[in-house]
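Here are my notes on the model, as numbered points. Please read them with the structure open.

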Amino acid sequence: MAWVAALNCWLVTRRDLALAVMRDSEVFTVDDPRFSTGQVVGRSMLTTDGEEHSRQRAPYARPFRLDAVLERFTAVVEEEVERLVSGLEPAGRGELRRELAGPLAARTMVVALGLEDVGVDQMLRWYDAIADATSGLSAGRPVPDAANRAVAELRSHGAGSNEAVLLFGGIETTEGMICNALLHLLSHEDQLALVREDRSLLGAAIEESLRLEPSAASIDRYATRELELGGATIAEGDLVTVSIAAANRDPSTFPDPDRFDITRENAGRHVAFAGGPHVCIGMHLARLETSIAIGGLLDRLAGLRLDPERPAAPRGLVFRKPPELHVLWG
């Protein structure tokens, strides 16, 4: 727990403190005009707490439960992965962020939001505008006109602030989750070999990747009163940033935390999907997409490996993923 002057916030890095902050929405709220997503898309389930949050979230809770996700989306995701991988296969090389992960996440959200008339390309343009604006606010830049137009166009198609939040989260974090998991597996030949030998380990590999490099690396909360936390005195109104990335590498919970180990028994204790009232509503869908995408690639692209001439690494302060993920096969 430390004050970071450059970010003007208290930074929470311990897993136990991170959980305490995320679970107590009365003391650590998202309902603050400084919250970046709210400035871009307006008031939504992501920027409200208490009864209003419950009311905003309620219509989406049942459709995104595990059983409903498996029933509604398994075939959709399998068909899209098949289409995308079939298009990639003859080339022997490709860039998996924009040629697989992004289009898959966008297509899935097209179906989830009932915007089939819009299409994937337009969905990705809206997403890019919203993502750029949200990241820009964290860097002190104003919301650009392109983001305002994207939100307005979404609303013209019957999608409000909550749908914009789902669009952004459903593409940004899922795209990153797929790319990060692929990068981890392809960078660790011994771990990839385990998955190839026993495909039932793929789920464990995804959980370990979520722990080691969550696509959403931090979340913001605002203190509603003065309090003590982790030996620090936090003033009313202070920004409290939970480092999901640090909590997921807390050595008191995860021994040898910087090692990618798909046999780690407690990898599922990560907080990559946050926690408390604002736990990620789309986590089951994101896991489904990631599992089917990686399984499809391993099934179809023999010898899948990173392109040694175009190295990849995750980047980003808040949202973490490789900007490009170039691979070879065959």
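How many of the residues of β8 are buried?

1. Strand β8 (239–243) is mostly covered, with 5 of its 5 residues buried. Buried here means under 20% relative accessible area, exposed means over 50%, and partly exposed is in between (1.4 Å probe, protein chains only). Helices (H or I, at least four residues) and strands (E, at least two) are DSSP runs, numbered from the N terminus.

2. On conventions: this is a predicted model, in which local features need pLDDT of at least 70, side-chain atom pairs count only at pLDDT 80 or more, and totals for chains, interfaces and linings use all residues. Residues are numbered from 1 along each chain as its sequence is written, and side-chain values use heavy atoms, with hydrogens and water left out.

3. Back to β8. In a regular strand the side chains alternate between the two faces of the sheet. L239, T241 and S243 point one way, while V240 and V242 point the other way. All of these residues are buried.

4. β8 belongs to an open sheet of 5 strands, in the order β1-β2-β8-β5-β3, with mixed pairing. The edges are β1 (2–4) and β3, each with a single partner strand, so one side of each is left without a neighbour in the sheet. Two strands pair if DSSP finds at least two bridges between them.

5. β2 and β8 run parallel, over 3 bridges, and L11 has T241 as its bridge partner in β8. β5 and β8 are antiparallel, joined by 5 bridges, and R221 is partnered by V240 of β8. β3 and β5 are also antiparallel, with 2 bridges. F28 stands opposite A223 in β5. β5 is mostly covered as well: 5 of its 6 residues are buried.

6. Which residues of helix α1 (residues 15–23) are buried? They are R15, L17, A18, L19, V21 and M22. Their cover includes β2 (9–12), β3 (28–29), β5 (218–223), β6 (227–229), β8 and α11.

7. Now the nonpolar cores. A core is a set of buried Ala, Val, Leu, Ile, Met, Phe, Trp, Tyr and Cys residues joined through side-chain atoms within 4.5 Å. The largest has 81 residues, and I130 and I171 have the most contacts inside it. Helix α8 (residues 161–187) gives this core its largest share, 14 residues. Apart from it lies another core of 21 residues, among them V12, L17, L19 and V242.

8. I130 deserves a look. Contact means heavy atoms within 4.5 Å. Leaving aside neighbours within four places in sequence, I130 contacts V40, V41, A150, V151, L154, L167 and F168.

9. How do the helices α8 and α10 (residues 202–212) cross? Their axes come within 9 Å and cross at roughly 105 degrees. That makes α8 roughly perpendicular to α10. The contact is made by M177, N180, A181, H184 and L185 of α8 and by L202, A205, I206, S209, L210 and L212 of α10. Axes are lines fitted to C-alpha atoms, for helices over the stretch in contact, and angles run from 0 to 180 degrees between N-to-C directions. Angles under 35 degrees count as roughly parallel, over 145 as roughly antiparallel, 65 to 115 as roughly perpendicular and the rest as oblique.

10. H270 sits in the loop between α11 (244–247) and α12 (283–300). Is H270 buried or exposed? It is buried, with a relative accessible area of 9%. The H270 side chain reaches the backbone nitrogen of A272 at 3.1 Å. Not counting residues up to four places away in sequence, H270 touches E207, L210, R211, N248, F254 and R287.

11. A further open sheet has 3 strands, in the order β4-β10-β9, with antiparallel pairing. Its edge strands are β4 (93–95) and β9 (305–306), each pairing on one side only. β4 and β10 (residues 326–328) are joined by 3 bridges, and G94 stands opposite V327 in β10. Helix α5 (residues 96–112) packs on this sheet, touching β4 and β10, and its direction makes about 65 degrees with that of β4.

Note on methods. Polar contact = N/O pair within 3.5 Å; in protein donor to acceptor, adjacent residues only side chain to side chain.
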